[in-house]
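Good morning, colleagues. I would ask you to look at the structure on the screen while I go through several of its local features.

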Amino acid sequence: MDLTTRYLGLELRNPLVASAGPLSQTVAGIRSLDDGGVGAIVLYSLFEEQLRREAASIAELEELYDDSFAEAISYFPNVPSARRDASHPYLRLVEEATRLCEVPVIASLNGASVGGWTETARRLEEAGAAAIELNIYYVPGDLTMSGRDVEQRHVDILAGVKQTVGVPVAVKLSPYFSSVGNMALQLDAAGADGLVLFNRFLQPDIDIDRVTIESGVSLSSPIEARLPRTWIAVLRDKVRASLAATTGVDTAEDVIKYILAGADVVMTTSALVRRGAAYAQVLVDGLEEWLEARNLPLAQARGLLAVPKDTATDAYERAGYVSALEKAKKTYGSLR
């Protein structure tokens with residue numbers, strides 16, 4: 001069974017991609033993912049805040065020597081070394097990973113504002129990244145900010161990166177737009193090479209014993225896959241950009257469902273963290289066995305259950321909603 005896949009214009013040996021996470025923070029972890037059988041690897045994210053702090057420290061260091069005599073010029077070689085504080089280890093990781101891995105290595109930038117930090121994308125490209133994934137994690141705390149302004153910020157960040165690099169750029173999206181479909185169309189029109197659905201917002205909880213707010217990260221569960229799967233099924237053949245599914249992948253069945261909905265690639269971190277990088281091959285083998293059992297090529301399976309291209313999507317989704325409620329009435333109503 002040929003599992004070769006095109007994503008962001010890149011050729012992958014299969015549609016399973018290791019998403020940004022703890023396993024892609026070290027060369028050893030990245031090698032384990034490559035050996036484990038994934039089709040591509042997204043490195044952990046380099047954050048806008050890190051780059052801004054780096055820029056601020058450089059500016060402070062330069063100002064410190066502004067009034068120095070010419071004889072003190074020998075101090076200035078320290079400035080470039082400060083420039084490496086935040087981004088240099090990441091750039092070095094990109095270089096080593098691309099040199100050692102057989103699969104494409106995708107760098108990840110995490111930010112929420114328009115600014116000079118997006119210039120780092122050019123340096124990531126020069127380091128060898130096959131593509132850039134923009135993880136735009138933005139929660140508008142300004143209650144006066146309009147939805148249109150939030151959307152425009154996403155488009156502007158994408159445009160800023162696209163102007164600086166020649167490699168493909170994917171955008172990792174939140175599901176919390178007033179119109180997810182329109183946001184996808186805007187990013188597609190602005191040149192996004194891929195859309196990654198969806199980003200998981202890390203929401204705090206409350207500890208009632210200590211009466212404190214607790215932050216934390218939990219691994220995803222398959223139930224969370226329903227929302228991104230729905231939107232992938234809607235967007236299939238509606239956008240030029242590649243569609244990447246992420247969140248809720250635990251078994252090969254979850255991978256298969258995403259493929260049937262129309263995903264070009266299926267990303268996972270949680271499953272590999274739970275079971276180890278070698279579990280990637282279990283997921284790939286499960287997909288292959290399912291396809292072979294039905295004599296179904298991957299290309300034909302992809303999007304087989306997507307929303308038909310000429311269907312009125314709103315009516316289609318409404319019909320599915322009503323059908324689900326009717327089924328719930330019959331299932332749970334009979335228990336009374």
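Let me begin with a definition: a residue is called buried at under 20% relative accessible area, exposed at over 50%, and partly exposed in between, using a 1.4 Å probe and protein chains only. The model is predicted, so local features need a pLDDT of at least 70 and side-chain atom pairs count only at pLDDT 80 or more, whereas totals for chains, interfaces and linings use all residues. Residues are numbered from 1 along each chain as its sequence is written, and side-chain values use heavy atoms, with hydrogens and water left out.

Isoleucine 213, at 67% relative accessibility, counts as exposed. Its place is in strand β10, residues 212-214; strands are DSSP runs of E with at least two residues, helices are runs of H or I with at least four, and both are numbered from the N terminus. Together with Ile206 and Ile208, Ile213 forms a nonpolar surface patch with about 390 Å² of accessible area.

I turn now to leucine 197, which lies in strand β8, residues 194-197. Leucine 197 is buried, with a relative accessible area of 0%. Contact here means heavy atoms within 4.5 Å. Not counting residues up to four places away in sequence, leucine 197 touches several residues, among them Trp231, Ala244 and Thr246. The C-alpha atoms of leucine 197 and alanine 244 are 6.2 Å apart in space, although the two residues are 47 apart in sequence.

Threonine 246 itself belongs to strand β11, residues 242-246, and counts as buried at 6% relative accessibility. Leaving aside neighbours within four places in sequence, its contacts include Leu197, Pro228 and Tyr258.

Tyrosine 258 brings us to charges over rings, where NZ of Lys or CZ of Arg must be within 6 Å of the ring centre and within 35 degrees of the ring normal. Arginine 229 lies over the face of tyrosine 258 at 5.8 Å from the ring centre. Arginine 275 is placed over the face of tyrosine 279, at 4.8 Å from the ring centre.

Finally, which tyrosines form an edge-to-face aromatic pair? Tyrosine 44 and tyrosine 90 do, at 5.1 Å centre to centre and 65 degrees between the planes. Rings of Phe, Tyr and Trp (its six-membered ring) pair if their centres lie within 6.5 Å; planes under 30 degrees apart count as stacked, over 60 as edge-to-face, and the rest as tilted. Because tyrosine 44 lies in strand β4 and tyrosine 90 in helix α4, the pair ties together parts that are 46 residues apart in sequence.

How values were computed:
Patches are made of residues with over 30% relative accessible area and no salt bridge: like charges are joined within 9 Å, nonpolar side chains (Val, Leu, Ile, Met, Phe, Trp, Tyr) within 5 Å. Accessible areas come from the Shrake-Rupley method with a 1.4 Å probe; for residues, only the protein chains shown count as cover. A salt bridge is a side-chain nitrogen of Lys or Arg within 4 Å of a carboxyl oxygen of Asp or Glu.
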